[in-house]
Amino acid sequence: MLNDPKFMDWLREQHDRKDLVGKLAKIVRSDPRAGNLRGARDLSQRLNLDEADYEMYEALDQANDEFRQETLH
């Protein structure tokens with residue numbers, strides 16, 4: 001998992017989704033500390049510090065995979 005600042009912008013835009021990625025996006029958008037996150041790796045470390053539920057790690061993995069697929073095309 002890499003730190004790509006574009007990932008954080010992409011993730012914030014996913015807030016209308018009705019799945020776990022959308023839930024994660026809403027959490028990131030509402031977290032005042034999230035502005036310091038530089039990408040997926042930083043977000044993963046934040047989830048560790050916050051002792052997040054496993055589903056948020058799954059959401060991050062899914063979001064990271066989708067982001068990478070979209071940026072490759």
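The model is a predicted one, in which local features need pLDDT of at least 70, side-chain atom pairs count only at pLDDT 80 or more, and totals for chains, interfaces and linings use all residues. Residues are numbered from 1 along each chain as its sequence is written, and side-chain values use heavy atoms, with hydrogens and water left out.

Glu51 belongs to the loop between α3 and α4. Most residues other than glycine have a negative phi, and most peptide bonds are trans. Glu51 counts as exposed because its relative accessibility is 68%; exposed means over 50% relative accessible area, buried under 20%, and partly exposed in between, with a 1.4 Å probe and protein chains only.

Within α3, the buried residues are Ala40, Asp42, Leu43, Ser44, Arg46 and Leu47. These buried residues pack against α1, α2 and α4, where contact means heavy atoms within 4.5 Å. Arg46 lies in this helix, which spans residues 40–49. Arg46 counts as buried because its relative accessibility is 13%. Leaving aside residues up to four places away in sequence, Arg46 touches Asp31, Arg33, Ala34 and Leu37.

## The nonpolar core

The largest nonpolar core contains 19 residues, and those with the most contacts inside it are Phe7, Leu11, Leu24, Val28, Leu43, Leu47 and Leu60. Such a core is a set of buried Ala, Val, Leu, Ile, Met, Phe, Trp, Tyr and Cys residues joined through side-chain atoms within 4.5 Å. Two or more residues of this core come from each of α1 (5–12), α2 (20–30), α3 and α4 (54–72). The greatest contribution is that of α4, with 6 residues.

Leu11 touches Val21, Leu24, Ala25, Val28, Leu43 and Ala63, not counting residues up to four places away in sequence. Leu60, located in α4, is buried, with a relative accessible area of 1%. The C-alpha atoms of Leu60 and Val21 are separated by 6.9 Å, although these residues are 39 residues apart along the chain.

The buried residues of α1 are Phe7, Met8, Trp10 and Leu11. Viewed down the helix axis, they fall within an arc of 160°, so they line one face of α1; the arc is that of the directions from the helix axis to the C-beta atoms. Pro5 and Lys6, on the other side of α1, are exposed. The cover over the buried residues of α1 includes α2, α3 and α4. At the start of α1, a side-chain oxygen of Asp4 comes to within 2.9 Å of the backbone nitrogen of Lys6.

Arg17 is situated in the loop between α1 and α2. The side chain of Arg17 forms a polar contact with the side chain of Glu66 at 2.6 Å. A polar contact is a pair of N or O atoms within 3.5 Å; within protein, one must be able to donate a hydrogen and the other to accept it, and residues adjacent in sequence count only if both atoms are side-chain atoms. Not counting residues up to four places away in sequence, Arg17 touches Trp10, Gly22, Lys26, Gln62 and Glu66.

## Packing between helices

Two packed helices are described by the angle between their axes and the distance between the axes. Axes are lines fitted to C-alpha atoms, for helices over the stretch in contact, and angles run from 0 to 180 degrees between N-to-C directions. Angles under 35 degrees count as roughly parallel, over 145 as roughly antiparallel, 65 to 115 as roughly perpendicular and the rest as oblique.

The axes of α1 and α2 are 8 Å apart at an angle of about 105°, and these helices are therefore roughly perpendicular to each other. Met8, Leu11 and Arg12 of α1 make this contact with Val21, Leu24, Ala25, Val28 and Arg29 of α2. For α2 and α4, the angle is about 100° and the axes are 8 Å apart; α2 and α4 are therefore roughly perpendicular to each other. The axes of α3 and α4 come within 11 Å and cross at roughly 175°, so α3 and α4 are roughly antiparallel to each other. Ala40, Leu43, Ser44, Leu47 and Asn48 of α3 make that contact with Met56, Tyr57, Leu60 and Asn64 of α4.

Note on methods
Helix = DSSP H or I, 4+ residues; strand = E, 2+ residues; numbered from the N terminus.
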